[in-house]
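Hi everyone, thanks for making time this morning. I'd like to walk you through one model, so please have a look at it with me.

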Amino acid sequence: MTAFGSDRGDGVPTEAPTGGAPVISSSEDPTLVRAAGFTYFPIALVARIPYAMMVVGVLTLVVSARGSLGLGGLTSAMVGLGTALCAPLVGAAADRWGQRLVVLVVGLASTVTLLAMAWVAYSPLPDWAVLVSALLIGACTPQIPPMSRTRLVSIILRRLPEARRNRTLSRTMAYESAADEMTFVFGPVIVGLLAALVSPAAPVVAAALLTVVFVTAFALHGSVREVAPSASDRDSAAPVRELFRGSLVTVLVGALGIGLLFGAVLTSLTSFMTDAGHAESAGLAYGVMGIGSAVFALAAGLFPERFSLWARWLIFAALMVAGAVVLPFVTGLVGMIAALALLGIGLGPTLVTVFSLVSARSPRGRAATAMTVATTGIVVGQSAASALVGQIGERLGTGPALLAPALAASVVLVAAVVNWRRGDSHSLGHD
């Protein structure tokens with residue numbers, strides 16, 4: 001059973017929850033934009049950008065302020081550790097007490113910790129203070145992507161006519177995944193621009209300002225009423241052990257692998273660009289991967305239904321591996337851009353597919369928790385790979401570091417094969 005009822009085998013739930021607000025009559029021809037509010041989508045999109053800037057922003061800041069790629073990688077890993085420890089708790093708190101209070105509190109704490117890091121990095125405090133600051137940043141990260149998905153799905157199932165729910169759900173999941181993918185890819189581009197044009201501390205300060213404005217606006221937006229839990233909702237929630245079902249865990253491993261790829265590519269690319277004398281432009285070069293990735297992520301919403309999710313995962317994960325395998329053999333910037341573009345073509349649809357599967361396999365009443373765990377997996381993977389590949393690049397050089405993206409992409413492909421071998425190509429919601 002998914003968070004929304006049974007699914008059809010393509011990742012789209014078919015049953016709405018009972019209770020809640022009455023469904024609008026089809027004669028009124030409602031749309032998701034009208035039901036959510038015209039300001040919802042721009043607010044939710046900008047509110048997730050700080051989340052995508054944090055790991056890369058911290059890495060850039062610490063490498064510049066402390067002069068150590070290794071320490072920068074470890075600091076990014078601490079961001080991931082803090083996220084791993086606390087993000088699932090944030091999702092569970094939202095499922096239990098509602099998003100408004102939880103997002104407001106976490107958003108305020110995130111703003112404070114980001115500003116503190118901007119000062120600590122350049123202060124005379126020892127390196128352990130930098131690591132502690134990074135841990136707190138991760139612990140206080142607002143979980144906007146999973147909160148947004150949960151909120152929109154609730155609006156669709158409660159407010160739209162039944163005949164239009166499945167189609168709208170499918171397109172909404174494609175949009176949400178594409179939005180996540182674009183922010184994860186273009187977040188580093190923003191970091192690179194601000195670091196190059198202003199200062200290495202500018203990305204972290206900008207993330208803090210975006211958080212206090214847009215995360216607060218997201219928390220207070222009227223659509224938050226759609227996910228306010230009732231006593232009956234809390235009582236009927238699936239037990240926590242349902243989050244450990246094999247079909248869901250397989251997809252979460254795929255999300256972790258995508259995070260490993262993000263971190264491995266960015267850190268090895270930073271080493272590559274440092275050798276070329278342009279370390280501050282690594283984020284800009286990284287954005288090349290976002291061109292094909294963003295286009296194909298959005299196009300995933302137009303794929304025909306007969307192109308099943310398991311097949312999409314296998315095919316596009318294989319493209320990711322193909323692009324990553326080329327990286328160690330690249331000798332110039334043109335070759336690097338070509339390899340990153342190929343990698344991006346596989347990355348976008350893979351990310352869309354993974355989050356669609358998480359949505360379909362979320363246990364009842366645990367939607368925000370499952371979505372948060374998946375998003376956390378990406379950040380944890382990114383942070384862990386940044387730390388490990390940073391050490392490899394500093395001690396062994398750029399060549400060995402460029403081997404890491406292929407290993408990370410292989411994790412995603414292996415998870416896709418396991419998903420196919422389990423027989424989940426036909427039944428997405430059950431073991």
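I'll go from the overall picture to a few side chains, and then to confidence.

A word on ground rules: this is a predicted model, so to speak of local features I need a pLDDT of at least 70, and side-chain atom pairs count only at pLDDT 80 or more, while totals for chains, interfaces and linings use all residues. Residues are numbered from 1 along each chain as its sequence is written, and side-chain values use heavy atoms, with hydrogens and water left out.

Let's start with the fold. The protein has 18 helices and zero strands; these are DSSP runs, H or I of at least four residues for helices and E of at least two for strands, numbered from the N terminus. Of the 431 residues, 58% are buried, where buried means under 20% relative accessible area, exposed over 50%, and partly exposed in between, with a 1.4 Å probe and protein chains only. Contact here means heavy atoms within 4.5 Å. Among contacts with a separation of 6 or more, 84% join residues 24 or more positions apart.

Now the interior. In soluble globular proteins, nonpolar side chains tend to be buried together. Which residues have the most contacts inside the largest nonpolar core? They are F218 and W313, in a core of 102 residues. Helix α11 (residues 246-275) gives the most to this core, with twelve residues. By nonpolar core I mean a set of buried Ala, Val, Leu, Ile, Met, Phe, Trp, Tyr and Cys residues joined through side-chain atoms within 4.5 Å.

Let's stay with F218. The structure holds seven aromatic pairs, meaning Phe, Tyr or Trp rings (the six-membered one for Trp) with centres within 6.5 Å; planes under 30 degrees apart are stacked, over 60 edge-to-face, and the rest tilted. Y40 and F218 make a tilted pair, because their ring centres are 6.0 Å apart and their planes sit at 45 degrees. Y40 is in helix α2 (residues 40-47) and F218 in helix α9 (residues 202-220), so this pair ties together parts 178 residues apart in sequence. Both Y40 and F218 are buried. Together with F41 and Y175, they form one aromatic cluster. R151 lies over the face of F218, 3.9 Å from the ring centre; that label requires NZ of Lys or CZ of Arg within 6 Å of the centre and within 35 degrees of the ring normal. Leaving aside neighbours within four places in sequence, F218 also contacts residues including I43, V103 and M147.

For another tilted pair, take F307 and F316: 6.3 Å centre to centre, with 40 degrees between planes. F307 is partly exposed at 22% relative accessible area, whereas F316 is buried at 8%. R312 lies over the face of F307, at 5.6 Å from the ring centre.

Finally, confidence. pLDDT is the predictor's confidence in each residue, from 0 to 100. The average is 81, and 85% of the residues score at least 70. Over residues 1-27 the pLDDT is below 50, though the model gives this stretch 78 contacts beyond near neighbours in sequence. Residues 425-431 also stay under 50, with 24 contacts beyond four places in sequence. Thanks, and I'm happy to take questions!
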